[in-house]
Amino acid sequence: QVQLQESGPGLVKPSQTLSLTCTVSGGSITTNYYYWSWIRQPPGKGLEWIGCIAYSGSTYYSPSLKSRTSISRDTSKNQFTLQLSSVTPEDTAVYYCARDESGAVVAAFGSWGQGTQVTVSS
């Protein structure tokens, strides 16, 4: 019954930082042994995993985005956040938060938010 909800600005200017928050209900982001991920889907393209934060607070990032990505959490609010810096129009996508329930290297995202559209444009 876990539910996830993304929130944040839908429009970001080039070179600025994209910031999104995922609010989780029905389950704790500190529960063993789940991982909480950010995933995006550009228009007409497939899903791309951005990174995640583990139940322990450890973070992991896609190599292609690691230099621009920061994921953090606020356990008191049961939220985790995404910050993607120096954005370009190529970062325009629907952004999702999701829970990885696999407990393995290959993820299995059983719970997803609805997604939020983020457009990078001047």
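S15 is exposed, because its relative accessibility is 58%, over the 50% cut-off. The model is predicted. S15 sits in the loop between strand 2 (11-12) and strand 3. Its phi is near 80°, a positive value in a residue other than glycine.

**Overall fold**

- The protein chain has 11 strands and 0 helices.
- Along the sequence, the pattern reads β-β-β-β-β-β-β-β-β-β-β.
- The chain is as compact as a globular protein of its length, because its radius of gyration is 14 Å and the globule rule gives 14 Å for 122 residues.
- Along the principal axes, the C-alpha atoms of the chain fill a box of roughly 40 × 25 × 25 Å.
- Among contacts with a separation of 6 or more, 53% join residues 24 or more positions apart.

**Surface and burial**

- Of the 122 residues in the chain, 37% count as buried.
- The accessible surface of the chain is about 6,400 Å².
- Carbon and sulfur atoms hold 48% of that surface.

**The largest pocket**

- What volume does the largest pocket have? The value is about 180 Å³.
- Strand 4 (35-41) and strand 5 (48-54) are the elements that each give two or more residues to the lining of this pocket.
- The lining consists of Y35, S37, W49, C52, Y60, D100, A104, V105, A107 and F109.
- By class, the lining residues divide into 8 nonpolar, 1 polar and 1 charged.

**Backbone points to check in the viewer**

- Which peptide bond is cis, with omega near -5°? The bond from N32 to Y33 is.
- Y33 lies in the loop between strand 3 (18-25) and strand 4.
- N78 also has a positive phi, about 55°, although N78 is not a glycine.
- The loop between strand 7 (69-74) and strand 8 holds N78.
- Is N78 buried or exposed? N78 is buried, because its relative accessible area of 14% falls under the 20% cut-off.
- S15 and N78 thus both carry a positive phi, but S15 is exposed and N78 is buried.

**T88 and its loop**

- T88 is placed in the loop between strand 8 (79-84) and strand 9 (93-100).
- T88 counts as partly exposed, because its relative accessibility of 35% lies between the 20% and 50% cut-offs.
- How many residues separate T88 and Q16 in sequence? They are 72 residues apart.
- In space, the C-alpha atoms of T88 and Q16 are 8.5 Å apart.

**Y61 and its contacts**

- Y61 belongs to strand 6 (residues 59-61).
- Leaving aside neighbours within four places in sequence, Y61 is in contact with W49, I50, G51, K66, T69, S70 and I71.

Definitions and conventions. Residues are numbered from 1 along each chain as its sequence is written. This is a predicted model: local features need pLDDT of at least 70, side-chain atom pairs count only at pLDDT 80 or more; totals for chains, interfaces and linings use all residues. Side-chain values use heavy atoms; hydrogens and water are left out. On a 1 Å grid over the protein atoms alone, a cavity is a set of points where a 1.4 Å probe fits but cannot get out, and a pocket is an open set with protein on both sides within 12 Å along at least five of seven lines; lining residues have an atom within 4 Å of a point. Grid points are joined across faces, edges and corners, and a volume is the space filled by probe spheres set on the points. Helices (H or I, at least four residues) and strands (E, at least two) are DSSP runs, numbered from the N terminus. Ala, Val, Leu, Ile, Met, Phe, Trp, Tyr, Cys and Pro count as nonpolar, Asp, Glu, Lys and Arg as charged, and the others, Gly among them, as polar. The radius of gyration is taken over C-alpha atoms; the globule rule is 2.2 Å times the number of residues to the power 0.38. Buried means under 20% relative accessible area, exposed over 50%, partly exposed in between (1.4 Å probe, protein chains only). Contact means heavy atoms within 4.5 Å. Accessible areas come from the Shrake-Rupley method with a 1.4 Å probe; for residues, only the protein chains shown count as cover.
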